[in-house]
Amino acid sequence: MDKTEKIWLNGKLVNWEDAKVHVLSHALNYGTGVFEGIRVYHTPKGPAIFRLKDHVKRLMDGCKIMGIDLVFEGKEYGFDDLMNAIKDTVRANGDAVDYVKPCVFLSGEEVGLNPVGVPASMAITCIHMGAYLGKDSSAGAKLITSSWHRPDNLCGPAGAKVNGAYVTSTLAKREAVRQGANEAVMLNSVGHVAECTGENIFIYRHGKILTPAVAECILEGITRGSIIQVARDMGYEVIETEVSRSELISADEVWMTGTAAEIAPVTIIDGRQIGTGKIGEVATGIHAKFHDIVTGKDPKYESWLDYVN
């Protein structure tokens with residue numbers, strides 16, 4: 001990660017090093033916040049933020065679920081305000097930006113679990129991320145199955161990007177790194193494949209594309225939804241359903257999708273080779289189409305790009 005110059009904090013662009021909160025902020029101590037991660041791509045029309053409207057909508061939905069009002073230092077923010085603030089922040093940080101992270105969190109100083117009445121803040125941070133899973137994953141990622149389960153809908157709002165919910169993901173990620181893998185697959189409470197630590201997962205098996213359904217306690221990923229539509233437009237049958245570990249291991253192809261990871265093919269899971277052990281044709285073709293879309297080369301999906309300038 002390469003840091004940038006300015007961070008948007010409660011309506012003002014401040015220097016990176018000046019964006020601070022108190023050590024007793026509720027979010028720091030109890031994880032009470034909601035965030036998004038959004039990719040920025042360079043196109044012939046300049047920088048474009050991928051599916052910004054959908055990300056802002058999901059951020060607002062997450063805040064609604066968490067009971068966090070979008071009021072920062074006395075000003076209420078609506079959909080258009082958040083859209084403009086994110087664009088302003090990307091614009092202020094120049095061409096190096098490829099990832100923007102808005103985060104709404106309870107910043108008030110409070111000891112105790114009661115979040116009612118605790119003031120909120122919002123930060124919008126831009127960075128240069130590059131390849132999220134590392135350069136060595138370009139030939140195919142290596143996964144393990146984590147001993148940590150994906151939290152289900154009775155543990156919290158699995159469909160929202162709540163800060164504290166990602167503790168389990170960090171534990172699973174640490175487990176993967178310790179075993180020399182790029183990522184970890186997380187199962188849900190009944191043993192079905194849910195998702196990876198920060199990505200949704202797809203398999204290609206018996207001529208069909210399968211991906212865990214939303215009811216499997218996954219995040220309804222925006223890149224996931226994009227790939228489902230693109231794959232169907234390309235003529236593939238895509239089924240949202242239960243996926244077992246056996247189906248995962250015996251698949252012809254496996255790939256992950258996410259804002260940070262984009263489309264990341266998988267060649268090894270738990271020491272077992274997936275398919276031929278090489279990146280497959282289906283993932284390669286979908287990835288190529290996705291690259292054309294996000295870089296503004298396919299006018300059919302023009303509505304998915306929000307241009308900064």
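**Aromatic pairs**

Modeller: Tyr 204 counts as buried because its relative accessibility is 18%; buried means under 20% relative accessible area, exposed over 50%, and partly exposed in between (1.4 Å probe, protein chains only). Tyr 236 has a relative accessible area of 26%, so Tyr 236 is partly exposed. This is a predicted model, in which local features need pLDDT of at least 70 and side-chain atom pairs count only at pLDDT 80 or more, while totals for chains, interfaces and linings use all residues. Residues are numbered from 1 along each chain as its sequence is written, and side-chain values use heavy atoms, with hydrogens and water left out.

Rings of Phe, Tyr and Trp (its six-membered ring) pair if their centres lie within 6.5 Å; planes under 30 degrees apart count as stacked, over 60 as edge-to-face and the rest as tilted. This rule gives 9 aromatic pairs. One of them joins Tyr 41 and Phe 50 edge-to-face, with 6.4 Å between centres and 90 degrees between planes. Both Tyr 41 and Phe 50 are buried. Tyr 204 and Tyr 236 also form an edge-to-face pair, at 6.3 Å centre to centre and 85 degrees between the planes. That pair links distant parts of the chain, 32 residues apart: Tyr 204 is in strand β13 (residues 200–205), and Tyr 236 is in the loop between α5 (222–233) and β15 (238–241). Helices (H or I, at least four residues) and strands (E, at least two) are DSSP runs, numbered from the N terminus. Ring pairs also link Tyr 41 and Phe 50 with Phe 290, Tyr 301 and Trp 304 in a cluster.
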